[in-house]
Amino acid sequence: MDYVFAYGVLGLRVEAVTDFDKRGQGDDQARDKATGERLWQVVVMDLDPDAGSFGRTTEVKVKIAAPHQPVLPESPVPGYPPRIEFADLVLTPYVDSQRCKGSDKGAHRCRARLAWSVRASGLSAPKPSPRRNAA
């Protein structure tokens with residue numbers, strides 16, 4: 001958690017991940033391939049001052065497999081999103097090829113990019129750490 005989100009994150013919302021192949025069939029929530037548990041995505045704001053640089057967004061979606069919807073902790077400041085931490089955070093790189101186009105006059109144009117899938121086993125309010133208390 002300290003390596004991926006060195007400045008911490010604010011929890012914005014938790015929502016179900018939709019399985020678009022099952023859309024319109026009643027229960028269209030995606031399931032984890034290994035465990036069969038429901039998938040939830042926690043939308044957070046990365047507090048790194050450089051997170052919004054270079055056309056990137058400060059919002060990150062972290063997936064959690066759980067039987068019930070995870071709940072964000074209570075914020076100590078009313079009207080302000082709570083700080084949260086993730087347990088067992090895992091990043092998996094993949095090639096996002098959605099920007100690739102077919103051949104244009106024989107030349108293949110591809111603007112594929114390296115993307116990251118971010119998963120965790122759970123979330124909680126942050127624990128006090130010596131590094132944060134020293135600042």
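Which strands each supply at least two residues of the lining of the largest pocket? They are strand 2 (39-46), strand 3 (59-65), strand 5 (90-96) and strand 8 (113-120). The model is predicted. This report starts with the overall fold, moves through the sheet, and then returns to the pocket.

**Overall fold**

The protein chain holds 135 residues, and buried residues make up 25% of them. Its secondary structure comes to one helix and nine strands. Along the sequence, the pattern reads β-β-β-β-β-β-β-β-β-α. Take the contacts between residues at least 6 apart in sequence: 64% of these join residues at least 24 apart.

In general, strands of a sheet pair through backbone hydrogen bonds, either parallel or antiparallel.

| Strand pair | Sense | Bridges |
|---|---|---|
| Strand 5 and strand 8 | antiparallel | seven bridges |
| Strand 4 and strand 9 | antiparallel | three bridges |
| Strand 1 and strand 4 | antiparallel | two bridges |

Val9 stands opposite Ile84 in strand 4. Strand 1 spans residues 9-16, and strand 4 spans residues 83-87. Phe86 has Leu123 in strand 9 as its bridge partner. Asp96 is bridged to Arg113 in strand 8.

Asp96 is found in strand 5. Is Asp96 buried or exposed? Its relative accessible area is 12%, under the 20% cut-off, so Asp96 counts as buried. Not counting residues up to four places away in sequence, Asp96 touches Ala112, Arg113 and Ala115. Arg113 is therefore both a contact and the bridge partner of Asp96.

Arg111 sits in the loop between strand 7 (107-108) and strand 8. Its relative accessibility is 57%, over the 50% cut-off, so Arg111 counts as exposed. Which residues is Arg111 in contact with, leaving aside its neighbours within four places in sequence? They are Arg99 and Cys100. Arg111 and Asp96 are 15 residues apart in sequence. In space, their C-alpha atoms are 8.9 Å apart.

**The largest pocket**

The largest pocket has a volume of about 1300 Å³. Rolling a probe the size of a water molecule over the atoms shows where empty space is left. The lining of the largest pocket counts 33 residues. Which of them lie nearest its centre? Val60, Lys61, Trp116, Ser117 and Val118 do.

Strand 8 gives the largest share of the lining, seven residues. Strand 2, strand 3 and strand 5 are also among the strands that each supply at least two. By class, the lining has 14 nonpolar, six polar and 13 charged residues.

Technical notes. Residues are numbered from 1 along each chain as its sequence is written. This is a predicted model: local features need pLDDT of at least 70, side-chain atom pairs count only at pLDDT 80 or more; totals for chains, interfaces and linings use all residues. Side-chain values use heavy atoms; hydrogens and water are left out. On a 1 Å grid over the protein atoms alone, a cavity is a set of points where a 1.4 Å probe fits but cannot get out, and a pocket is an open set with protein on both sides within 12 Å along at least five of seven lines; lining residues have an atom within 4 Å of a point. Grid points are joined across faces, edges and corners, and a volume is the space filled by probe spheres set on the points. Helices (H or I, at least four residues) and strands (E, at least two) are DSSP runs, numbered from the N terminus. Ala, Val, Leu, Ile, Met, Phe, Trp, Tyr, Cys and Pro count as nonpolar, Asp, Glu, Lys and Arg as charged, and the others, Gly among them, as polar. Buried means under 20% relative accessible area, exposed over 50%, partly exposed in between (1.4 Å probe, protein chains only). Contact means heavy atoms within 4.5 Å.
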